[in-house]
Amino acid sequence: MKRCKWCNLDNPLYVEYHDREWGVPNFDDKYLFEMLILESFQAGLSWECVLNKREDFRTSYDNFDIDKVINYSEDKINELLSNEKIIRNKLKINASVGNAKIFKNIQKEYGSFYNYLITFTKGKLLCEVDKVTNDLSDVISKDLIKRGMKFVGSTIIYSYLQAIGFIYSHDKECFMYKEKL
């Protein structure tokens with residue numbers, strides 16, 4: 001079976017992610033939070049690098065329990081910085097805690113992070129390939145940055161929207177390709 005050109009066929013974890021998760025709509029706020037944090041760690045790196053460390057991130061970040069993450073102390077942040085199993089970038093780790101607080105505020109304001117996202121998407125899903133940004137990712141990125149989030153540029157947000165299923169982007173040669181949803 002042909003898969004998207006970015007999928008490393010030698011990495012079973014990556015193949016599983018491609019075949020079963022990437023682009024599949026999942027709008028549960030816990031998942032949306034996990035993926036936003038993971039995508040922000042991708043900045044400057046490959047998704048495969050982050051994906052390979054995902055289980056260690058889950059363990060280190062208390063299974064992405066937002067109520068725990070927003071209350072991380074300096075001791076916890078230092079623990080994360082010394083954890084060789086995750087990406088130990090001080091700016092990204094500090095941003096993950098700050099972004100969690102903003103994510104929580106958005107949940108309070110809109111009832112859920114999903115409700116926030118659909119104010120931009122109007123509930124529609126897109127099908128497009130060979131892009132790394134679009135008007136939707138530009139607008140959401142600008143709003144998140146305005147709210148104080150970090151590592152949420154348009155390319156990261158586009159990748160996030162692909163991952164969670166708002167943008168369906170399987171390559172035309174991929175066995176999962178669809179022209180429309």
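Analyst: The protein chain exposes about 9,300 Å², and carbon and sulfur atoms supply 50% of it; accessible areas come from the Shrake-Rupley method with a 1.4 Å probe, and for residues only the protein chains shown count as cover. This is a predicted model, in which local features need pLDDT of at least 70, side-chain atom pairs count only at pLDDT 80 or more, and totals for chains, interfaces and linings use all residues. Residues are numbered from 1 along each chain as its sequence is written, and side-chain values use heavy atoms, with hydrogens and water left out.

User: How many of the residues count as buried, as a percentage?

Analyst: Of the 181 residues, 49% are buried, where buried means under 20% relative accessible area with a 1.4 Å probe, protein chains only.

User: Which residues touch the most other members of the largest nonpolar core?

Analyst: Tyr61 and Phe113 do, in a core of 51 residues. Such a core is a set of buried Ala, Val, Leu, Ile, Met, Phe, Trp, Tyr and Cys residues joined through side-chain atoms within 4.5 Å. Helix α2 (residues 29-42) gives the largest share of this core, 8 residues; helices are DSSP runs of H or I, at least four residues, and strands are E runs of at least two, numbered from the N terminus.

User: What does Tyr61 touch?

Analyst: Leaving out residues up to four places away in sequence, Tyr61 touches Phe41, Val69, Tyr72, Leu80, Ile86, Ile93 and Ser96, a contact being heavy atoms within 4.5 Å.

User: Now the fold: how many helices and strands?

Analyst: The protein chain has 10 helices and 2 strands, in the order α-α-α-α-α-α-α-α-β-α-α-β from the N terminus.

Definitions and conventions:
Buried < 20%, exposed > 50% of the residue type's maximum accessible area, 1.4 Å probe, protein only.
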